[in-house]
Amino acid sequence: MIHKPPASTWADYRIRARLFWLLLLVGPFVALVTAELWLIEHYGLHGLGWSLAAWLGALLLAAWHWQSFRCPRCERRFFERRPLLLALRARRCINCMLSKE
């Protein structure tokens, strides 16, 4: 039996977008505080690098998750696959031209 993903909704789209923006704006501060409080003390400067690398990985994963949003009308990808972040500026589905607004 083929597993079909649940239908996408605009609420799902907003959750994905907000997760990305939250990680982009708050993530560096959380990474720096985590590094300052514990990682730098135990691992030196490498602790800061690991903390920032984890934040960057989470940010890229959130961008990929947002970009893999499926159109509520045609159920195909709403955005193009490449380029990773610039495609998120699209205002219409690349397949059926459904507008985000």
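1. A residue is called buried when its relative accessible area is under 20%, exposed when that value is over 50%, and partly exposed in between. The points below apply these terms to the structure above, which is a predicted model.

2. Cys-71 has a relative accessibility of 1%, so this residue counts as buried. Cys-96, with a relative accessibility of 22%, counts as partly exposed.

3. The cut-off used for a disulfide is 2.5 Å between the sulfur atoms. In the whole structure, the search for disulfides returns zero.

4. Helix 1 spans residues 10-43, and Arg-16 lies within this helix. Is Arg-16 buried or exposed? Its relative accessible area is 12%, and Arg-16 is therefore classed as buried. Apart from neighbours within four places in sequence, Arg-16 is in contact with His-65, Trp-66, Ser-68 and Phe-69.

5. Gln-67 belongs to helix 2. The relative accessibility of Gln-67 is 4%, so this residue also counts as buried. Which residues does Gln-67 touch, when those up to four places away in sequence are not counted? They are Arg-77, Phe-79, Glu-80, Arg-81, Arg-82, Pro-83, Leu-84, Leu-85, Ala-87 and Leu-88.

6. Leu-84, one of the residues touched by Gln-67, is located in the segment after helix 2, a helix that covers residues 45-67. Leu-84 counts as partly exposed because its relative accessibility is 30%. With neighbours within four places in sequence left aside, the contacts of Leu-84 are Leu-60, Trp-64 and Gln-67. Leu-84 and Leu-60 stand 24 residues apart along the chain, and their C-alpha atoms are separated by 8.8 Å.

7. Which residues make the nonpolar surface patch? The patch consists of Leu-56, Leu-60, Leu-61, Trp-64, Leu-84 and Leu-85, and its area is about 560 Å². Among these residues, Leu-60 and Trp-64 are also contacts of Leu-84, while Leu-84 and Leu-85 are both touched by Gln-67.

Conventions:
Residues numbered from 1 in each chain as written. Predicted model: local features only at pLDDT ≥ 70, side-chain atom pairs only at ≥ 80, totals over all residues. Heavy atoms only, no water. Buried < 20%, exposed > 50% of the residue type's maximum accessible area, 1.4 Å probe, protein only. Patch = residues over 30% accessible without salt bridge, like charges linked within 9 Å, V, L, I, M, F, W, Y side chains within 5 Å. Areas by Shrake-Rupley, 256 points an atom, 1.4 Å probe, with all protein chains shown as cover. Salt bridge = Lys/Arg side-chain N within 4 Å of Asp/Glu carboxyl O. Helix = DSSP H or I, 4+ residues; strand = E, 2+ residues; numbered from the N terminus. Contact = heavy atoms within 4.5 Å.
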